Amino acid sequence: MFKSAKLSLAVAAIAVAATPNFVAAFDGIGRAATPAEIKAWDIDVRPDFKGLPPGSGSVAKGQNVWEAKCASCHGVFGESNDVFTPIAGGTTPADIKAGRVANLAREDFPQRTTLMKVATVSTLWDYINRAMPWTNPKTLTTEEVYAVTAFILNLGDIVPADFVLSDKNIAEVQKRMPNRNGMTTEHGLWTVKGKPDVRGTACMKDCKKEVVVTSFLPGSAVDSHGNLIEQNRPIGPTRGLDTSKPKKN
Amino acid sequence: MSDTQRTVGRLVKAPENFLAKDDAKSPETMRRKFLAAGAATAGLGLAAAAKAASNPVSGKGDPNILNLPEHTTGLGMPVAANGYGVPSKYEKGLQRRESPGLTRVSAASVAFTPLQGTFGIITPSGLHFERHHQGWWDIDPSKHRFMINGMVKRPKVYTMDDLMRLPSVSRIHFIECGANTAMEWGNVAVPTVQYTHGMVSCSEFTGVPLSALLEDCGYDKKNGKFVLAEGADGSSMTRTIPIEMALDDVIVAYGMNGEMLRPENGYPLRLVVPGVQGVSWVKWLRRIEVGDQKWATKDEAIHYIDLLPNGMHRQYSGIQEAKSVVTSPSGGQLLLDKGFYNITGLAWSGRGKITRVDVSADGGKNWRTARLETPVLTKALTRFNIDWSWDGKPAILQSRAIDDTGYVQPPVQLLREVRGTRSIYHNNMIQSWRVAESGEVSNVQVS
């Protein structure tokens with residue numbers, strides 16, 4: 001009897017370990033969020049514009065805000081590549097019509113700008129509102145966020161220079177986003193059970209006839225990351241290479 | 001052939017020539033340096049013999065044995081000399097480092113983990129890779145709040161006191177930035193494993209299963225399809241996560257490797273999303289919102305989208321597929337001599353457990369199966385080892401991971417056929433390290 005009681009205790013212990021004994025509600029833990037608290041933090045704007053506060057802002061106002069708070073990093077025309085990748089450029093009237101940015105298919109096109117990539121205008125509004133300006137995020141007024149968004153859209157000729165962007169017309173603007181048809185979710189990388197697009201093979205012997213080195217580290221890059229001897233241990237099976245000396249061949 | 005290291009066949013053993021300046025000042029160090037230099041010279045003579053000894057000695061024996069050092073004949077340091085212990089001064093080479101030129105603003109940048117020098121599967125917390133979008137903060141935990149709102153019956157606010165009172169789990173998982181190995185899509189670009197693969201780390205995380213908190217708030221089981229995770233930093237990082245994943249193994253974590261999260265890793269609260277790229281593991285986590293549509297946030301609509309050759313972008317990619325890399329010997333290292341080596345490396349899969357790792361020393365013609373060291377855990381780094389005797393001839397080292405879905409890590413050519421060379425994210429190609437006759441190891445790609 002004693003033995004079997006002990007056994008059933010052990011079984012109970014295992015069951016608890018496998019499924020933590022969570023209760024539906026935790027007594028005395030947490031409290032109801034107040035409406036003001038939710039309003040203060042729930043600032044996200046979805047592609048269907050859920051969460052977008054009512055308001056408006058003009059391209060002209062946006063230009064003023066841009067020059068005061070944005071241009072030092074992004075350039076007067078959103079073209080700067082000095083601090084961040086460019087905001088505008090690379091899109092055409094044909095792209096606005098098709099909803100696909102043709103330059104994205106060009107291997108020789110130097111850079112992907114924000115307007116070339118972004119499919120959803122809500123993304124611009126949400127991000128400017130939550131994270132800009134760089135050193136003072138969340139300090140723009142709702143009107144300023146509408147205005148800066150309008151200014152950027154005008155840089156890409158998506159809206160005219162006299163445009164006033166608002167919660168009333170933003171859905172119409174969405175229909176002119178140059179890359180609005182440029183996204184696909186047909187891939188296996190969203191869920192654990194997704195289907196892989198590329199698979200290797202587990203060949204073990206004589207898997208290929210010859211091995212050709214197709215790419216070496218460019219000579220200019222050998223010491224581009226500092227002296228590698230200083231990035232390895234001074235003991236062990238290897239040492240770091242001394243890349244402070246000119247390489248001899 | 002004029003390279004000294006090549007003439008000797010391999011490396012001159014004098015590690016003391018690489019000490020930090022303040023260490024080199026001590027007379028004890030200088031003495032050892034002198035003695036070591038003598039030993040190294042003696043070693044050269046012996047190396048000319050048919051069989052090189054790995055630890056050559058002349059005269060009566062090794063002065064490191066014959067002359068008792070100060071640490072054997074003197075009194076050592078007292079306890080608690082360091083209230084929080086730090087690595088040995090001889091370990092200064094292993095640091096998180098930026099890749100010069102990769103980014104232009106250090107507050108929106110990356111510092112890579114020195115995988116060339118880590119052991120086992122746990123990344124020391126101080127060497128965990130860093131990726132910040134708008135700088136990092138050390139937040140006062142008594143003022144940090146966590147909110148759940150959206151499609152829930154009871155929107156709630158939790159303090160850290162609340163969260164730390166709840167039942168916790170501790171789980172070991174890898175975290176890999178989606179852009180790890182991004183620089184190698186088109187060609188070899190960086191010299192060492194720190195820069196090719198150092199945006200992966202692995203820790204034991206402790207916290208509350210998100211499923212328990214969603215349940216506590218009465219989430220909408222019928223219409224809630226996604227959750228949005230949001231950070232408390234300036235960028236207020238946001239990512240959409242499917243509800244099945246949120247209910248499966250996602251953790252609202254405060255602990256990392258037995259202590260609280262480090263500030264650079266989200267102190268006091270971060271999301272742990274096993275198997276998914278690091279950007280979804282939102283740091284300084286302030287809010288979870290339950291919703292019925294995806295959010296298309298900046299980091300899932302402008303960045304972290306994968307460009308395909310036809311100009312389309314894959315959106316909402318997140319899973320890190322099976323991948324592995326040999327961490328030693330690896331790029332930018334120099335082998336000491338011919339003879340025995342333990343080829344060691346790391347393998348991981350965002351879809352489950354690693355079941356096998358094969359290693360090639362001839363650029364992928366022939367493979368041998370490596371030993372997997374325990375523990376082998378789901379969505380965690382797995383350490384592999386395999387014996388190798390280097391004959392002094394050129395070799396190309398590779399590793400290939402297989403996970404419990406049967407997925408086999410692909411060579412770069414197969415990835416390029418489908419995804420081209422500009423998709424930036426999710427590069428899980430087989431890595432090649434070329435060992436030259438000089439013992440020099442370098443990053444290459446092979447066909």
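Leaving aside its neighbours within four places in sequence, which residues is B:Ser360 in contact with? In this predicted model, the partners are B:Lys365, B:Asn366, B:Trp367, B:Ile396, B:Leu397 and B:Gln398. You can find B:Ser360 in strand S18 of chain B, which covers residues 354-360. Is B:Ser360 buried or exposed? Its relative accessibility is 0%, so B:Ser360 counts as buried.

**The cysteines**

Let's turn to the cysteines next. A disulfide is a covalent bond between the sulfur atoms of two cysteines. How many disulfides are there over all chains? The count comes to 1. This disulfide joins A:Cys203 to A:Cys207, with 2.1 Å from S to S. The link of A:Cys203 and A:Cys207 is left-handed, with -100 degrees about the S-S bond.

Over in chain B, B:Cys177 is in no disulfide, and its nearest cysteine sulfur, that of B:Cys202, is 16 Å away. B:Cys202 is in no disulfide either, and the nearest cysteine sulfur to it is that of B:Cys177.

| Cysteine | Relative accessible area | Class |
|---|---|---|
| A:Cys203 | 29% | partly exposed |
| A:Cys207 | 27% | partly exposed |
| B:Cys177 | 5% | buried |
| B:Cys202 | 0% | buried |

The buried class is for residues under 20% relative accessible area, so B:Cys177, at 5%, counts as buried.

**Where the chains meet**

Now look at the place where chain B touches chain A. Here 132 residues of chain B are in contact with 103 residues of chain A. The size of an interface is often given as the accessible area lost when the parts come together. Between chain B and chain A, the buried area is about 10,100 Å², and carbon and sulfur atoms give 57% of it.

Charged and polar partners meet here too. There are 8 salt bridges between the two chains, including one in which the side chains of B:Glu91 and A:Arg233 meet at 2.7 Å, N to O. The count of residue pairs in polar contact between chain B and chain A is 64. On the side of chain B that touches chain A, strand S24 (residues 441-446) gives the largest share, 5 residues. By class, that side of chain B has 58 nonpolar, 41 polar and 33 charged residues.

Notes. Residues numbered from 1 in each chain as written. Chains lettered and ligands numbered in written order. Predicted model: local features only at pLDDT ≥ 70, side-chain atom pairs only at ≥ 80, totals over all residues. Heavy atoms only, no water. Helix = DSSP H or I, 4+ residues; strand = E, 2+ residues; numbered from the N terminus. Buried < 20%, exposed > 50% of the residue type's maximum accessible area, 1.4 Å probe, protein only. Contact = heavy atoms within 4.5 Å. Disulfide = S-S within 2.5 Å. Buried area = accessible area lost by both parts, 1.4 Å probe. Salt bridge = Lys/Arg side-chain N within 4 Å of Asp/Glu carboxyl O. Polar contact = N/O pair within 3.5 Å; in protein donor to acceptor, adjacent residues only side chain to side chain. Nonpolar A, V, L, I, M, F, W, Y, C, P; charged D, E, K, R; others polar.
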